[in-house]
Amino acid sequence: MTTLPLSQNAFLSVFSPPDSSVAKSQLEISNDLDMVLIWMQELMRSSDPKLPSNRIKVALKNVCGTEDILLLRYIDSMRSDFKRRDVSIDGLDLRGTASTVAVLKRGYEFGVRYLRLDPVHQTLFERSLHAVLRTLFPEKTLLRIYSQLFSRDVASVTRILESIGLGEQIRNTVMRLAVGHVKTHVTETCSGEWDEPQLQELDRWIETELYPRINVFPSAGSKSVSWEINEAAGEYDFIAALKGIARDRLLDLRITESFDIVVDYPDSCPALEEMKLCLTASDQRASLVNSFIQACNKRLLHSAVNTTDIISFYIALIRGFLVIDPRGVLLDKVARPLRRYLKDRDDTVQKIVHGILDTENELAELAHELKRPTKEKYDDLDVNWCPDPIDALPDFKKGKVGDIIGALISLFDSSEVFVAECISLFAIELLGLTDYDVSEVLFRLELLKLRFGENEISALDVMVRDLVESKRVNAAVHSDGLIGSYYSLTVISHLYWPNIARETFKQPALVEQHFTRYRARFETLKQGRTLHPVPMLGTVVLELEFKGKLVEFTVDPLRASVVALFEKSSRLTLGDIMAELQLEKGYAVRAVNFWIKSGILYEPETEVYITLEGDEVSEGHKPSSGFSEDLNDELERDVLVMAKYLPFVTGMLTNLGASPVAKIHGFLKMLVPKDIGGYSATEKQLEMYLDHLVEEDKVEVVGGKYKLRK
Amino acid sequence: MHSQKKGVVPDGHSVTNRLQNELVQLMMSGTPGISAFPESDTNILKWTGTIEGPQGTPYESLVFKISLDFPSNYPYTAPTIMFVSPMWHPNIDMKGNICLDILKEKWSAIYNVQTIMLSLQSLLGEPNNSSPLNAQAAQLWDTDMDEYKRLLMQRYEEIED
């Protein structure tokens, strides 16, 4: 606060004394003023104030009416007095300093009583005094005093400071300190602690530990400057305010941790529940959504993360965010970027379907999810209908966001891709059955029907019926005992089964013989129908006598046939195998590699294989460099994947003549429909495949264009 | 959402779907001797087809190109099919127009590219000589097969890629 440097003379020249009848010389009044001031200062210093003398009484009477000037001078002297005393609180004796100041203040207040000031001047004086005190105890100093809330001095210092009218300042300081304490405490005790609730403990801490420490004001005796005008309510308010701050702080912390909390689901359920309690303001919701999406983009939605992990995360996300916000609005918002990303991944469908149908993989919980009863369909005529939440996005679908399987299936616009993938998985599983027992498959088939509808997966019905029928046929065929009971067939309706390997090879004579007999029996059983072997599919249980031991293998027929060749001769070249089985090179190499890895065959020189029966080969001879093998495998896999486009390639080349790679690529991209898996290869892969076809003499290259070999 | 009853004029999308499905069916079935494919990757309504002459007929080991134009309301209207390769046949004129009942008044939506192509293939071996477009061919078919074959080969052009 600034004071105007008014000199006494200047003041007197402007104002004339109010009572004109008692005219006094200016000099007289000036003398009187000085006298009064001196008397007041004496009064203030003496411990035992005496009554004013008669002269002073006269002087006091004379100065009546010039209170303004008197007060200004009084305050001036008071300010310099405080300054002179140098009441710095740097000294150790806080209490002493505070008391000195308190005594001074009381003195000045005492002096001013005799002036019988009117209320306006009284207020002016009080304000000035307060201002002087505040400059003596600036906020910085108060913070320093109160940051050691435990020091015993604080209570007494507080009492003194409070008595000199600094209660308000202390309150603010203490509040600031308390807030700081709460924030640090929350960060220190709650970070990463998601598996048990924290709020109750925080509340307890504030009530029983923090509040008693900061409640420095004597609860009784003080009136206007205590914490609270109304004791009970005020106290409650302060604690409640601190609790509110703790909640906000906890929520802020949880928002920054939200990604990890979701990863930790279901262990982090308590933390999620508390987020729900704390999440009240809409800006907090927005900040949760934003920071979560940012974390997702940074940590999840990039090519370094497995699709399975993203799907697991999505599942945890659905469950976790429904705890925070059961209406699903927040879930809907945070899931969108994730859904968009998943849609672009090639293997999403595959992984999801595997998860749904296969109980033994990372996404097996999807299988459990499928078995859960589905909620009743949402009905427009529901009497409990209520509008969408106000902050929901326009295309928010109530009741949809929480259904995990539904959410995953709805990633794609049509369920066709899922159905196709389901069918191919079921096909593998059904063909793997050795006892024709379809009951388990049927159960899951019914569950799938609930999801996708009867019609979508009717092909699966046919497939299951094929199995049931096969069981009957098999029993009938075996009834006369002509065919060994170890030889069973699964008769499938080829139109309804996906991805049936068209490649064939010459089966070992024994198997061939069995098949012929089987077919004959079948043809008598089912008039007008015949059997075509699909030798690539099936299961063979083999017992190999190897180094005097019996080793059992369960392999596919191709591998079994390859190893069977070594029964007659222990040394064969790749060419021999291919010729003997009338097999393509890729298949032969794969089958042979399997036996090499199993330790049955050994490749002493390129494309020559011997059985490892003799002792001449030590254990050290394991399959050669894995790298080139992998590379080969990769190439083979590519070729296998691309093989399904072969009909399109031939169809195109037949009708449109020779075409360059780019054109073929463009056509495939355009024309291969999604329900047979779509076309996802790159032009490079296509070119590799076409070159592979050239090697196989199916296609030739003329002037940079591929054409069919006639 | 407006719903559209099935059986009324379909939109472009369903023609595309239908033709795409037919293409897959045709490619996957791999019926020997017939094949067809869209001419460009932008317009699926125009296809090119290839038919091999059936065995035991004058057309054996000959290959012919045809063009297939699908109307936008296919399959409710028959596609327009022409022989692109020069042809000598009682029911096919010199411009390649074909006289086949299922492509005209007996068309039905249950037919598809595969059945059309198979019908055409069998038409080569079993012409309908009661309503010929090429009267000379019809006459020779019944009377002088050697001359028929000679005239056929005179017109026949091998397809070049």
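The structure is a predicted model, and a search of the whole of it finds 17 aromatic pairs over all chains.

- F64(B) and Y156(B) form an edge-to-face aromatic pair, with 5.3 Å centre to centre and 75 degrees between the planes.
- Because F64(B) lies in strand β3 (residues 63-69) of chain B and Y156(B) in the segment after α4 (145-155) of chain B, the pair ties together parts that are 92 residues apart in sequence.
- Both F64(B) and Y156(B) are buried.

**The pair Y74(B) and W107(B)**
- Y74(B) and W107(B) form a tilted aromatic pair, with 6.1 Å centre to centre and 40 degrees between the planes.
- Y74(B) is placed in the loop between β3 and β4 (80-83) of chain B and W107(B) in the loop between β4 and α2 (113-125) of chain B, so this pair ties together parts that are 33 residues apart in sequence.
- Y74(B) and W107(B) are each buried.

**Aromatic cluster**
- One aromatic cluster is formed by Y59(B), F64(B), F83(B), W88(B), W141(B), Y148(B) and Y156(B), and its members thus include F64(B) and Y156(B), which form the edge-to-face pair.

**Charged surface patch**
- E193(A), D195(A), E196(A), D264(A) and D267(A) form a negative surface patch.
- One of these residues, D195(A), is located in the loop between α9 (167-190) and α10 (199-214) of chain A.

Terms used
Residues are numbered from 1 along each chain as its sequence is written. Chains are lettered from A and ligands numbered from 1 in the order in which they are written. This is a predicted model: local features need pLDDT of at least 70, side-chain atom pairs count only at pLDDT 80 or more; totals for chains, interfaces and linings use all residues. Side-chain values use heavy atoms; hydrogens and water are left out. Patches are made of residues with over 30% relative accessible area and no salt bridge: like charges are joined within 9 Å, nonpolar side chains (Val, Leu, Ile, Met, Phe, Trp, Tyr) within 5 Å. Accessible areas come from the Shrake-Rupley method with a 1.4 Å probe; for residues, only the protein chains shown count as cover. A salt bridge is a side-chain nitrogen of Lys or Arg within 4 Å of a carboxyl oxygen of Asp or Glu. Lys and Arg count as positive and Asp and Glu as negative; His and the chain ends are not counted. The place of a charge is taken as NZ of Lys, CZ of Arg, CG of Asp or CD of Glu. Helices (H or I, at least four residues) and strands (E, at least two) are DSSP runs, numbered from the N terminus. Rings of Phe, Tyr and Trp (its six-membered ring) pair if their centres lie within 6.5 Å; planes under 30 degrees apart count as stacked, over 60 as edge-to-face and the rest as tilted. Buried means under 20% relative accessible area, exposed over 50%, partly exposed in between (1.4 Å probe, protein chains only).
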